[in-house]
Amino acid sequence: MLWLLILGVVGMVFAPAMWLRPTARERRQGQLRQVAIEAGASVKLDTPPLHGEVDKMAAYRWAYPAQRPGPHFVLVRRARASESLKHFKYDEGWRWRVQPLEPLPSVISARLSRLLSQLPDDAWVVESSDKALTLWWEESLQAPEFGAISAPAAALRDALQGRPDRPAGSVPGSPP
């Protein structure tokens, strides 16, 4: 009887520690995020630019240099987009939620299309702002597979930087 009491007390002591251990999915995501950070991306959980979305999603950001901002656009995977949104002409699986004010040159559109074709099925949004190129997704890849999207994303970021929608110093909503 004493042994059962001792086992019960030991079990009660170690049970909370076992609950705090990360799951296999959390360990995989941690490794993936570490590889992304080492590859030059920042990772943050945030609300994606999807209509009516309230749940947070992983946002992997490749920052533009402050003096070379990027254009503003939002592309949404067709499965999460409204049918009323315009197709991205280089890849029918994606739709423009926000198109860049200045059309992208065909070389840059081809790089964007290449990145979109390499994204996993749980990548829902590719967004560019004046600060960063962002991939919104549910982190399905293993850490070693991340290079397949990291390199094209960094190359696209490099091609987009210095192509802002507004001239430096202009205020949104004011006449040019």
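Q: How much space lies in the largest cavity?
A: About 30 Å³. A cavity is a set of points on a 1 Å grid over the protein atoms alone where a 1.4 Å probe fits but cannot get out. The volume is the space filled by probe spheres set on the points, which are joined across faces, edges and corners.

Q: What kind of model is this?
A: A predicted one: local features need pLDDT of at least 70, side-chain atom pairs count only at pLDDT 80 or more, and totals for chains, interfaces and linings use all residues. Residues are numbered from 1 along each chain as its sequence is written, and side-chain values use heavy atoms, without hydrogens and water.

Q: How many cavities of 30 Å³ or more turn up?
A: The whole-structure search finds 1.

Q: Which residues line the largest cavity?
A: Trp62, Leu115, Leu119, Val126, Leu133, Thr134, Leu135 and Ala153. Lining residues have an atom within 4 Å of a point.

Q: Which strand gives the most to that lining?
A: Strand S7, residues 132-137, with 3 residues. Strands are DSSP runs of E, at least two residues; helices are runs of H or I, at least four; both are numbered from the N terminus.

Q: New topic. Where is Val13?
A: In helix H1, residues 2-20. Val13 is exposed, at 55% relative accessible area. Exposed means over 50%, buried under 20%, partly exposed in between (1.4 Å probe, protein chains only).

Q: And Lys44, which strand has that?
A: Strand S1, residues 42-46. Lys44 is partly exposed, at 47%.

Q: How far apart are Lys44 and Ala58 in space?
A: 5.8 Å, C-alpha to C-alpha, though 14 residues apart in sequence.

Terms used. On a 1 Å grid over the protein atoms alone, a cavity is a set of points where a 1.4 Å probe fits but cannot get out, and a pocket is an open set with protein on both sides within 12 Å along at least five of seven lines; lining residues have an atom within 4 Å of a point.
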